[in-house]
Amino acid sequence: MPEIESKNSNYRDEPWSDRNLSNYYVRAKEPFNAEAKLDGLVEHFITPTERHFRRNHGPIPNISESDWSMTVEINTIALPSARCGTQTVTFRDLSRLRQFEVVAVLECAGNRRDGLKAIKPVNGVIWGPGTASNSQWGGCRLRDVLVAAGVPADLCDPFYETQRHVEFAAYGEASDDIHYASSIPLDWVMNPLNMVLVATEMNGQRLLRDHGFPARIVAPGIIGARWVKWLKYIRVQDHESSCFYQQRDYKILPPMANGSNCEDFWSRFPALMELNIQSVICRPTPSEKVRVNKPYLARGYALSGGGRAVDRVEVSLDDGATWDLARVYCITAKGGSTSSSSTNSSSSSSSSTNSSTSDDDISSDSSQRNWAARQWSWVLWSYQIESVPPNFTITCRAWDSGGNTQPSAAVWNYRGVMNNAVFHMKPQLVASKGSQFDTK
């Protein structure tokens, strides 16, 4: 695709050749923000890179693999008893550590912000439900990077009795701060089951610039705002990141907070971490024509955070008066067990960086699922409508293994984040040949 001319010199080096705009709804050009078209999302369990949504807060850095490095700093206040200081880590250093893969869903906290804007104004890019994508990420564990830098590997170490934080910062400019930075708790990073990666690959290939090349954080089960791209430094410290995106963004403020008084609330409420339970109808789309009195296969995605499994998706054709179970598809590990945390039952312990998840790895047999395993992937679902009724609205909701489900109505907040209300879709209805009906 030819480069799109920009009047702003900071955006004249954007990677337009990597952006197939036919797959997206572009919500902002500078910085480039685009969400995936829903009908394309459910064509593949692993979202093709060219269909993965793009979320940026500034110009895309252009850094070569050979020139890139990041620093890893252990703050002496945070960790006085361990080996402290600052180390420089290169791309080659990362490749020498044991390599892992994890299939994990990445969702922007602002996914479905348009539903909250419909209630009253919100602050942020107005996204629909297309800012969630499921990819196979490859790289080394952040835990191993930190252990090499001096952080105790043993989770029983007294060091972990007081919560510390790992801050990540990105190369390049950001719209609201000197750079993009964020943090997550150190104990979450150090638990090997949580599979937090310093990723260098996506779907078996090197990361694209839009997706964080040369290296980014992958934090399964946590909102996308913490998956920092274009890593500049990693820092272990005794406090959360002080960056704008941690302290004055990506929080659910109470309903009385608005653009004129939000400064009174930012410091009083926590930064968002885990994803919430979510489901979306991807087909039919609002513009799709569906024939009345004919069969139709509805399809969508569902996800949850913190390693919790989506245990079921329910569908209603009468606006929530009655519900029926949809068929759910998830990763099936080799040997008969299931896992959404890796491509096989070894729970992401594979050292291969070139394998990929195929259609043979996907199953809809819920009796085979390992409910005790941590689940990082989304699930896809389908529901066969035997005969489309006139004047119908299709509705879906999901439940996870923690007993969480979606609220019946959207709950407004100023930043327009974490909207996971029950999802409704009213498609365009057309008459089947030889029939008459009222679609009003």
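The largest cavity is lined by 26 residues, and Arg55, His57, Gly224, Trp227 and Lys229 lie nearest its centre. The model is predicted, so local features need pLDDT of at least 70 and side-chain atom pairs pLDDT 80 or more, while totals for chains, interfaces and linings use all residues. Residues are numbered from 1 along each chain as its sequence is written, and side-chain values use heavy atoms, without hydrogens and water.

A cavity is a set of points, on a 1 Å grid over the protein atoms alone, where a 1.4 Å probe fits but cannot get out; a pocket is an open set with protein on both sides within 12 Å along at least five of seven lines; lining residues have an atom within 4 Å of a point. Volume is the space filled by probe spheres set on the points, which are joined across faces, edges and corners.

The largest cavity holds about 320 Å³ of space. Its lining has 13 nonpolar, seven polar and six charged residues. Here Ala, Val, Leu, Ile, Met, Phe, Trp, Tyr, Cys and Pro count as nonpolar, Asp, Glu, Lys and Arg as charged, and the others, Gly among them, as polar. The structure has four cavities of 30 Å³ or more.

The largest pocket holds about 360 Å³. Its lining comprises 19 residues, with Leu38, Gly128, Pro129, Pro286 and Met425 nearest the centre. Seven of the lining residues are nonpolar, six polar and six charged.

Aspartate 154 is partly exposed because its relative accessibility is 47%, between the limits for buried (under 20%) and exposed (over 50%, 1.4 Å probe, protein chains only). Between the C-alpha atoms of aspartate 154 and asparagine 191 lie 9.4 Å.
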